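Here is a quick tour for anyone meeting this protein for the first time. Have a look at the sequence and the 3D view, then read on.

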Amino acid sequence: MKWNKVDDPSDISSLLFQKNDDHINANTRTSCYYVGPVAITNTAVVSGRGLIAMRNIAAGECLFVTPATVSARVESVYQLWVSRNSEPGTLEEISEQVLVEKMKSLISNADEQATVESFMALMGATASNTTSLSIAQLLGRGSDEATASFTINNISDDGLLQIIRKNAFGPDFVTYSSIEHQWLDNNTFTPRRLLGLFPLAAMINHSCVPNAVRVFAGETMITHACDSIKAGQEIVWSYLPPTQPYPQRHATLRHRHEFVCQCRRCTGEAEFWDAPPDSISVSTLDSWVRLCNRTLDDVDVQEARSATIRLLEDVLQAKDIANGTKHFIRVGFTQIYISYLNYALQSTKSVEVNHLDYLLQKICLPLHLSMVACNNASTEHLSILHLCYELMGFIHSASKDQNLTINKLRFWTTQVRKACMVRYGNLGNDIESVRKVMQHTRTVLRNKDGFARSTHGYI
Ligand SMILES: C[S@@+](CC[C@H](N)C(=O)[O-])C[C@H]1O[C@@H](n2cnc3c(N)ncnc32)[C@H](O)[C@@H]1O
């Protein structure tokens with residue numbers, strides 16, 4: 001394995017835009033890495049082991065860049081998936097199976113013990129195996145210093161599966177089932193990665209108000225701070241899209257990850273959920289509860305969407321909900337806002353400019369501010385900001401008095417740039433590059449070519 005240290009983590013464009021994932025070619029495996037101001041702790045506030053900041057970190061700073069030390073390659077999974085005949089097995093199970101086989105073959109290869117150590121460290125925190133766990137070890141670079149040793153004989157497939165289920169990173173932006181549907185439709189869609197272990201990243205605990213965010217460049221993960229982090233504070237990120245409503249987040253964390261999240265967002269939302277304010281009428285509350293228990297994707301008729309948003313905003317008008325909780329609740333319904341906004345964008349030709357202006361003011365602005373309150377430099381947040389920027393550009397072009405609209409256009413420009421810089425470092429300064437890296441997020445913005453093209457560039 002060749003190791004390339006990333007010299008300037010503020011410029012990740014070479015990683016994001018590299019044509020070939022060199023490390024995917026078994027003969028010339030090259031792993032890019034960078035370790036910023038982070039350290040491993042065995043006494044995380046959230047739970048067990050965790051990652052903490054070594055010094056004050058600003059939002060947008062790169063925390064680390066790490067390769068997958070072991071992954072289920074898309075081609076291998078695809079081969080197995082097409083030849084599965086009528087045998088049962090979902091794409092997720094097949095990916096896990098491929099990863100288990102890969103781990104087993106590494107375990108039996110004496111030259112790969114550094115890689116094996118990286119994933120065996122994920123077996124669980126016990127005093128004997130974590131006391132001297134080093135970052136180099138977790139990156140798969142071997143033990144620089146005296147470190148713990150792992151018992152790697154006799155590990156069963158089930159043991160490996162447990163490591164995978166607790167720690168591996170699956171596909172981003174798409175679900176296994178949507179990939180499967182696309183493959184069944186003979187679509188040419190190929191995800192850049194499917195399932196892999198990034199042991200350093202696996203040290204990070206969960207929060208629904210994250211202070212870190214990750215992007216993938218093929219099999220390499222790049223992590224940035226999405227909020228300022230104080231020295232000694234724990235680095236946390238979200239294990240699921242933070243844009244889901246509380247009941248759905250709670251259920252997934254409980255069933256899939258086997259814990260109950262105690263972050264300040266869940267605590268606030270649980271309180272609201274358990275004892276909604278008296279000021280909300282019974283019928284509004286009734287519709288609200290029904291909405292929360294629905295798959296949000298099926299709220300797709302224009303009339304239903306606008307009614308739903310009216311309902312959400314009605315609930316959020318209640319006087320006795322704390323502002324923070326309002327923000328958190330609103331973020332949970334991002335899917336509905338996106339679907340409504342996409343509709344508006346797709347019909348810009350026929351929609352009144354005044355109506356678009358109204359949407360920006362009444363729908364986009366509160367949603368954006370809520371996402372900021374949640375430190376949410378998520379794909380959805382960036383997509384909404386791009387959308388606002390496009391809508392505002394459209395309004396500005398059509399405006400009779402551009403002196404009035406230019407300030408609003410500047411406002412959205414600043415917001416989109418800020419969010420992009422939090423997630424992509426300096427690359428966020430360049431709207432075309434950000435669009436390019438976000439092309440594959442087309443499931444979020446459902447207009448035909450991902451983004452409508454604005455003629456304005458960043459102003
Ligand atoms: C990827 S590991 C994170 C590192 C882990 N703390 C350790 O010691 O290995 C995921 C596991 O950490 C624990 N965990 C992560 N976030 C948590 C949270 N917010 N509350 C409780 N447990 C959490 C759960 O046991 C979860 O299955």
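What share of the contacts between residues at least 6 apart in sequence join residues at least 24 apart? The answer is 73%. A contact here is a pair of residues whose C-beta atoms, placed from the backbone, lie within 7 Å.

## Getting your bearings

What you see is a predicted model, in which local features need pLDDT of at least 70 and side-chain atom pairs count only at pLDDT 80 or more, while totals for chains, interfaces and linings use all residues. Residues are numbered from 1 along each chain as its sequence is written.

The protein has 18 helices and eleven strands. These are DSSP runs numbered from the N terminus: helices are H or I with at least four residues, and strands are E with at least two. Of the 459 residues, 41% are buried. Buried means that 20 or more other C-beta atoms lie within 10 Å of the residue's own, with exposed set at 12 or fewer and partly exposed in between; the C-beta atoms are placed from the backbone.

Where the two touch, domain 1 provides 22 residues and domain 2 provides 22 residues. On the domain 1 side, the elements giving two or more residues are α1 (13-16) and β9 (212-217).

That side of domain 1 has twelve nonpolar, eight polar and two charged residues. For these classes, Ala, Val, Leu, Ile, Met, Phe, Trp, Tyr, Cys and Pro count as nonpolar, Asp, Glu, Lys and Arg as charged, and the others, Gly among them, as polar.

## The largest core

The largest nonpolar core holds 111 residues. Such a core is a set of buried Ala, Val, Leu, Ile, Met, Phe, Trp, Tyr and Cys residues joined through C-beta atoms within 7 Å. The members that touch the most others are Phe 119, Ala 212, Ile 235, Tyr 337, Leu 341 and Cys 388. Helix α16 (residues 379-398) is the top contributor to this core, with nine residues. Domain 1 and domain 2 both give residues to the core, so it lies between them.

Take Leu 341 as an example: leaving aside residues up to four places away in sequence, Leu 341 touches Leu 359, Ile 363, Cys 364, Ile 384 and Leu 387.

## Around the ligand

Which residues are closest to the ligand? They are Ser 47, Gly 48, Arg 49, Asn 205 and His 206, out of 18 that surround it. A residue counts as near if its C-beta atom, placed from the backbone, lies within 6 Å of the molecule.

α7 (157-167) and β8 (205-206) each supply at least two. By class, the shell has seven nonpolar, eight polar and three charged residues.

## A four-stranded sheet

Now for an open sheet of four strands, in the order β3-β4-β11-β8, with mixed pairing. Strands pair if DSSP finds at least two bridges between them. At the edges sit β3 (38-41) and β8, each pairing on one side only.

β3 and β4 run antiparallel, joined by four bridges, and Ala 39 has Ile 52 in β4 as its bridge partner. β4 and β11 are also antiparallel, with two bridges; here Ile 52 partners Glu 234. β8 and β11 (residues 234-237) run parallel, again with two bridges, and Asn 205 partners Val 236. In β4 (residues 50-53), Gly 50 and Ile 52 point one way, Leu 51 and Ala 53 point the other way, and all are buried.

Terms used
Domain bounds come from an automatic or database domain assignment.
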